[in-house]
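The following exercises are to be worked with the sequence and the structure at hand. Each task is followed by a solution in steps.

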Amino acid sequence: MHHLVSIEDVDMRYGGAAGTLAVSGLNMKVGKGEFAAVVGPSGCGKSTLMKLVTGLHLPQRGAVLVAGKLVTEPVSIVGMAFQNPTMLPWRTTLDNILLPLEIVEKHRHRLRAHKKEYVEKAEHLLEIVGLKGFGSKFPWQLSGGMQQRANLCRALIHEPELLMLDEPFGALDAFTREELWCVIRDLHAAQGVTIVLVTHDLREATFLADRIFVMSARPGRVLKEHVVPFERPRDLEVMYEKGFNDMVHELHGEIAKARVAA
Amino acid sequence: MSAIAEENKPAAPVASMSSGIALVKLAPWLYTIGLFAVWELLVIFLDMPPTILPAPSRVFAAIVQYWSPIWKNSLQTLYTTTVGFAIAVVAGLGLGLFIGWSKTIYAGLYPLMIGFNAIPKVALVPILVIWFGIGAVPAILTAFLISFFPIVVNVATGLATIEPETEDVLRALGARKMDIMLKVGIPRSMPYFFGSLKVAITLAFVGSVVSETVASNYGLGNMMSSAQSMFNVPLVFAGLLMLAIEGIAMYALMAWVEMRMTGWAHRSSMSH
């Protein structure tokens, strides 16, 4: 299988030679079109992983390859979404979603002349995530769940090949979170985008991912890799099956052990 | 009689509600009148001579009596203040953006700015007089010097406190420093900027009046200092009253501008 993301024996240390070692000997491969989840105890370097893959940080040792190319600067084929939706309050939701197009080299010069086409695309995305007709609203007029939906649209508007999600549903209530799981599941199925999801929620990881990486406590490395066997398309009902619970239980045990080892 | 009473009944709660809103709107005026009343009574009961504390009635009488010089000098002070303030807005915005641009510039210039702000501006007036002579120029410059600091600090703070996630999202897309500043930094610092204008305009009055008092032949500061030398205390108080009125008017104008330009900041903070 062709790997879109390939992390090879990477060390990343913050704050000079005596600084904290965030990840060490990290190896990870994510195939094109795959949905990968990364779980682990807190402080295991999950955010560092995000920054390495997007090119915001460069590793001291080892190599990070995205789409077959060594990452030496920010990679614009990546879309990102964080737990904090960081919508800009002075822009409407639609203008927030169009923001990446004003930045990405490929689109920024076309935006003005092809505005209509891009607006249609944004409105299509809004419809997919269930926010049809909310484009003209300001972010502070939306609920937390709606803002996070808009945040996903913004991460997808420039048609990234890779979507990096850093606990995007962490601040939401249980029902809204399940709704958004289905949104992201359908997006993955429809757009064929590769997704790396960093999360604390093991049920979330198991429900959404094809492959789950369990990371150790700091300095982070991959302890174990699981292939999630459940058939797609998955229904929320899958979470009540025995196999699902067994897998969550197993992951839980591994992370508990990794915490003790730290 | 009873028919009239019945007619009045349903209207009563509505009337009391709207009178409650009216009361809030009237409150500033009522409290101001109250202050003047207490002041007047205090002067009467303590039998204060007008050369120490004139009663408000004496002050208003002085305003009427000296209306022509008061009006002329008020306009002069308003002019020096607003010109100084306008320079402060332009310079403060520019310097604030410059300082907020990079962490190194921020770290390097911030202590200098604090030190500069700690200097009492009245001590600078003699230097300004040596350079520019007495008159409007030192007053304008003092108003500028005293009022630009809060503008600089607020604009720089707005730029320096961009959420790291927002910056990460944009940088990962290949955004340059300039993109982040234009798309996020500057719009985001605008509420801080417009908020600081309210503080800056009142400080600008302090600056211009201090300078006029020490080194000018015009303006309310000059008028008050010459009235004081002639023991015309009611006129001194008349000058103070005019300053307070100008200050309130300009503050209200700045608050209105703030609301018009960055209303989103107030509404968005309400939703949290």
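**Exercise 1.** Determine whether A:Arg218 is buried, partly exposed or exposed.

*Solution.* The model is a predicted one. Around A:Arg218, 19 other C-beta atoms lie within 10 Å. A buried residue needs 20 or more such atoms, and an exposed one has 12 or fewer. A:Arg218 is therefore partly exposed. As to its place in the chain, A:Arg218 sits in the loop between strand E9 (211-215) and strand E10 (222-227) of chain A. A:Tyr14 is 204 residues away from A:Arg218 along the chain, yet the C-alpha atoms of the two are separated by 12 Å.

**Exercise 2.** Describe the elements and the overall dimensions of chain B.

*Solution.* Begin with the elements: chain B has 11 helices and zero strands. Next, take the extent of the C-alpha trace, which spans about 75 × 70 × 30 Å along its principal axes. The radius of gyration of chain B is 25 Å, whereas a compact globule of 272 residues would have one near 19 Å. Finally, consider the domains: the assignment gives domain 1 (1-47) and domain 2 (56-265), and the centres of these two domains of chain B are 37 Å apart, taken over C-alpha atoms.

Key:
Residues numbered from 1 in each chain as written. Chains lettered and ligands numbered in written order. Predicted model: local features only at pLDDT ≥ 70, side-chain atom pairs only at ≥ 80, totals over all residues. Helix = DSSP H or I, 4+ residues; strand = E, 2+ residues; numbered from the N terminus. Domains from an automatic or database assignment. Rg over C-alpha atoms; globule rule 2.2 N^0.38 Å.
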